[in-house]
Structures are given as structure tokens and as C-alpha cells.
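Subject: Structure handover

Hello,

Here is the structure for you to look over. My notes follow below it.

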Amino acid sequence: QVQLAESGGGLVQTGGSLRLSCAASGRTFSTYAMGWFRQAPGKEREFVARIRWSGGRPDYADSVKGRFTISKDNAKNTVYLQMNSLKPEDAAVYYCAAVRGTVPSGAYYLDASYGYWGQGTQVTVSS
């Protein structure tokens, strides 16, 4: 099992940057695929980004492509989400998610594909 704890959220102006961190417990972190999701008030939780357990090319939602970067540091048991050029529509609670092994290529954007979740961190973007 793995436990996840997000941090790094906060208030930022439009065009600003934030880096979210997700610290994971457990000695087998390197075998987990990781994802970031977000949920704005009144909306469903949506996929933001994911990185395979083996690294490689990440995948991003079209809405964040070119602005957000996901990365994974197995030595620190941490996954990051660097968010640049933030927009008001990026405001949401951001959740870190994990699943051991490989997520099917057609399902990585589904929250049901991930078995472990953090408590979330709030990101607010002022216009």
C-alpha cells in the first residue's frame, strides 16, 4: 500500500506558477504509476497529468499541455506538478493518485484506474 500527501497549493495571480508535491509512503514507490487530477466546485474530477512507473513520456490533458509538467523522483518518493502560466480556470483542488504497475493506455485518464489518493491541495488563481 501507499499513502499520499499533497502540498504546495495556494493563491497565485493569473500567469503565475506553482509547484505541487505529492509525497508517498512505502518502499515500492518506483513501481507505482502516478497521476494528478483536479476538481473545481460544481464540476467532476478531471484528469490533469500522469507519469508511468517506468518514467517515459508523460500524458497531459489538452487544457494544460505546454503549461504543466509532471515529474517523479523515486529517490524522494515524490511526484511533482509544475504549473506555469496559470489561468483562473486552473483553480481547483488538486489530487495526487497512484496505482501499482501499468495503467492501460486507454484508461490512464480515468480516476477509477487509480487505487490510492491523497487528500488534495487547493489551488486558487486570481484574475
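**Salt bridges**

Arginine 57 and aspartate 59 form a salt bridge, with 3.2 Å between the closest N and O atoms. Please keep in mind that this is a predicted model. Arginine 57 has 58% relative accessibility, so it counts as exposed. Aspartate 59 has 8%, so it counts as buried.

In total, the structure holds eight salt bridges. Another of them joins lysine 65 to aspartate 62, and here the closest N and O atoms are 3.1 Å apart. Aspartate 62 is exposed, at 65% relative accessible area.

Then there is the pair of aspartate 90 and arginine 67. Its closest N and O atoms are 2.7 Å apart. This pair links distant parts of the chain, 23 residues apart. Aspartate 90 sits in the loop between S8 and strand S9 (92-100). Arginine 67 sits in the loop between strand S6 (55-60) and strand S7 (68-73). Are these two buried or exposed? Aspartate 90 has 1% relative accessibility and counts as buried. Arginine 67, at 10%, also counts as buried. Both belong to a network of salt bridges that links Arg38, Glu46, Arg67 and Asp90. As background, side chains of opposite charge can pair when their charged atoms come close.

**The sheet**

Four strands make an open sheet. Their order is S1-S3-S8-S7, and the pairing is antiparallel. Which strands stand at the edges? They are strand S1 (4-7) and S7. Each has a single partner strand, so one side of each is left without a neighbour in the sheet. From one strand to the next, the twist averages 15°.

Strand S3 (residues 18-24) and S8 run antiparallel and are joined by six bridges. Among the residues involved, serine 21 has tyrosine 80 in S8 as its bridge partner.

**Threonine 78**

Threonine 78 is in strand S8, which spans residues 78-83. Its relative accessibility is 9%; the cut-off for buried is under 20%, so threonine 78 counts as buried.

What does threonine 78 touch, leaving aside neighbours within four places in sequence? Its contacts are Ser21, Cys22, Ala23, Phe29, Ser71, Lys72 and Asp73. There is also a polar atom of the threonine 78 side chain that lies 2.8 Å from the backbone oxygen of lysine 76. For a distance across the chain, take serine 25. The C-alpha atoms of threonine 78 and serine 25 are separated by 9.1 Å, while the two residues are 53 residues apart along the chain.

**The disulfide**

The link is left-handed, with -80° about the S-S bond. Cysteine 22 lies in strand S3 and cysteine 96 in strand S9, so the pair ties together parts that are 74 residues apart in sequence. Both cysteine 22 and cysteine 96 are buried.

Best wishes

Terms used
Residues are numbered from 1 along each chain as its sequence is written. This is a predicted model: local features need pLDDT of at least 70, side-chain atom pairs count only at pLDDT 80 or more; totals for chains, interfaces and linings use all residues. Side-chain values use heavy atoms; hydrogens and water are left out. Helices (H or I, at least four residues) and strands (E, at least two) are DSSP runs, numbered from the N terminus. Buried means under 20% relative accessible area, exposed over 50%, partly exposed in between (1.4 Å probe, protein chains only). Contact means heavy atoms within 4.5 Å. A polar contact is a pair of N or O atoms within 3.5 Å; within protein, one must be able to donate a hydrogen and the other to accept it, and residues adjacent in sequence count only if both atoms are side-chain atoms. A salt bridge is a side-chain nitrogen of Lys or Arg within 4 Å of a carboxyl oxygen of Asp or Glu. Two strands pair if DSSP finds at least two bridges between them. Axes are lines fitted to C-alpha atoms, for helices over the stretch in contact, and angles run from 0 to 180 degrees between N-to-C directions. A disulfide is a pair of cysteine sulfur atoms within 2.5 Å.
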